[in-house]
Amino acid sequence: MDFVTNEKLTIVGAAGMIGSNMAQTALMMRLTPNICLYDPFAPALEGVVEELRHCAFEGVNLTWTSEIGDALTGASYVVSSGGAARKAGMTREDLLKGNAEIAAQLGKDIRTYCPDVKHVVVIFNPADITGLVTLIYGGLHPSQVSTLAALDSTRLRSELAQYFRISPDEIRNCRTYGGHGEQMAVFASTTLVAGRPLSELIGKEMPEADWHELQQRVIQGGKHIIDLRGRSSFQSPAYLSICMIAAAMGGKPFTYPAGVYVHNDEFQHILMAMETSIGTKGVEYKNVQGTPEEHAALTESYKHLCKLRDEVISMGIIPPVSEWHKVNPHLK
């Protein structure tokens, strides 16, 4: 039976709702027969494994462990949702200290147990920072680490489809860039609505006030899920993160923005959503094009992420930027 690859995929945080859904999605997409599930909470993890076995997937070697060394050894691909979940009343940034510490340990464990890993996807919040911390301590090349940012763009797609009362498939190239948080930059200039530029519809068929309200709904999309369901979203981040790792494995291209390490003439020493492509050579980005107003919003998002990064530095979780190269020679 055909799989995208036979190489080992490790899912970290597999006992949780996101992690368990990632495991099922990877099996349904037939990415690899060699999947290892890791979580420190062994009873819940065993329950996930039992349920997946009951699905009767064919040709699969599903393993599980609560020993991180066993989980990561030999892994070519890693997806981690292994941080604390966002709860009602919390922003993604409220999770900063605890999840940054978890990310630091994840990076160190990757360096120790699977230094030859090909790609790592980090999705626990605040993902821009946890991905950056993982990259620093993992000793990996920036192309080897990406983070989940696409969820904001897919929320924009959903909101626009509902507003214009058309199929989501008629919304093309919708984009949010910068941080995956309250300061994300929601773009209009890239988007086509039934073949027509969204920027030409705003102020005409879509009043400016409606556009601004829709942008806020996108920004607060995660909070809305918590309000509706009483817990943070898990189906959409699980699916999109597995689509990302599938692209890195050589599967279907991933067409939404991902979080990537950015160091150019304007944005430096940061990880944030850009226009990206993910393939077997990793994640690559190109500079974002937009209106002056959109670029200003992206700049503000970058400044917000720099503030969070500097807070993590002040906590002593990561070293000052000038010393990153001592921990990871790829970060110069």
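Select Lys307 and Glu311: both sit in helix H11 (residues 292-314), four residues apart, about one turn of the helix. Helices (H or I, at least four residues) and strands (E, at least two) are DSSP runs, numbered from the N terminus. The model is predicted: local features need pLDDT of at least 70, side-chain atom pairs count only at pLDDT 80 or more, and totals for chains, interfaces and linings use all residues. Residues are numbered from 1 along each chain as its sequence is written, and side-chain values use heavy atoms, with hydrogens and water left out.

Lys307 and Glu311 form a salt bridge, with 2.9 Å between the closest N and O atoms. The term stands for a side-chain nitrogen of Lys or Arg within 4 Å of a carboxyl oxygen of Asp or Glu. Lys307 is exposed at 51% relative accessible area, while Glu311 is partly exposed at 27%. Buried means under 20% relative accessible area, exposed over 50%, partly exposed in between (1.4 Å probe, protein chains only).

Next, select Arg217 and Glu159, a salt bridge whose closest N and O atoms are 2.9 Å apart. This pair links distant parts of the chain, 58 residues apart: Arg217 is in helix H8 (residues 208-219) and Glu159 in helix H6 (residues 150-164). Arg217 is partly exposed at 37%; Glu159 is buried at 17%.

Then go to Lys118 and Glu7, whose side chains meet in a salt bridge (2.8 Å, N to O). Lys118 lies in the loop between helix H4 (96-113) and strand E5 (119-122), and Glu7 in the segment before strand E1 (8-12), so the pair ties together parts 111 residues apart in sequence. Both are partly exposed, Lys118 at 42% and Glu7 at 24%.

The model has 11 salt bridges by this rule.
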